[in-house]
Amino acid sequence: MDSIVIETGLPALAEILDLYKSVGWAAYTAEPETLYRAVQNSRHRYFVRQNGQLIGLLRAVGDGETIVYVQDILIRPEHQRKGFGKALLQQLREESAQIRQFVLLTDDRPDKAAFYERCGLIPAQKAGCACFLAFNG
């Protein structure tokens, strides 16, 4: 894996927007100020840079005691499969080791499932859990 720098300081809005656009997450980029506040207000946030460029982000919410929920994890397409996403998840898991529930929802695609399973996560169904969602708007 290339050497990386994981930061917690909040990047500029333009950098965050460019990162989200690089992975096609238009629902987020349609409301830039809302996205920026969401990232800013996340309990955990980690950013990966390579040669000064923001190439990845993980943000998570939770109560600091019983649950941490990974809201977003994204790596620029040209930097995927190089260990950056795994490094971000490891950082969060290490800093949240005392927290009982570590939750993440993702697309229902075999490549996504395989990645998260390689990172030590299991599908909710295998843990005897069900998943329920509701989206507004």
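In which strand does His-44 lie? I find His-44 in strand β2, residues 44-50; helices (H or I, at least four residues) and strands (E, at least two) are DSSP runs, numbered from the N terminus.

Before going on, a note on the source: this is a predicted model, where local features need pLDDT of at least 70, side-chain atom pairs count only at pLDDT 80 or more, and totals for chains, interfaces and linings use all residues. Residues are numbered from 1 along each chain as its sequence is written, and side-chain values use heavy atoms, with hydrogens and water left out.

**His-44.** Buried or exposed? His-44 counts as buried because its relative accessibility is 13%; buried means under 20% relative accessible area, exposed over 50%, partly exposed in between (1.4 Å probe, protein chains only). Leaving aside neighbours within four places in sequence, I see His-44 in contact with Leu-58, Arg-59, Ala-60, Val-68, Leu-92 and Ser-96, contact being heavy atoms within 4.5 Å.

**Helix α1.** Which residues of α1 (13-22) are buried? I noted Ile-16, Leu-17, Leu-19 and Tyr-20. They cover an arc of only 160° around the axis, so they sit on the same side of α1; the arc is taken from the directions from the helix axis to the C-beta atoms. Ala-14 and Lys-21, on the other side of α1, are exposed. The buried residues of α1 pack against α2 (26-29), α3 (32-41), β3 (53-62) and β4 (67-75). After α1 comes Gly-24, with a positive phi near 80°.

**Rings.** I looked up the aromatic pairs and got four. Tyr-20 and Trp-25 have ring centres 5.7 Å apart and planes at 65°, so this pair is edge-to-face. The rule for Phe, Tyr and Trp (its six-membered ring) is centres within 6.5 Å, with planes under 30 degrees apart stacked, over 60 edge-to-face and the rest tilted. Tyr-20 is buried at 0% relative accessibility, while Trp-25 at 28% is partly exposed. Ring pairs also bring in Tyr-28, making a cluster with Tyr-20 and Trp-25.

**Sheet.** What is the strand order of the open sheet? I read β1-β2-β3-β4-β5, five strands with mixed pairing; two strands pair if DSSP finds at least two bridges between them. β1 (5-7) and β5 (101-104) are at the edges with a single partner strand each, so one side of each has no neighbour in the sheet. β3 and β4 run antiparallel, joined by seven bridges.
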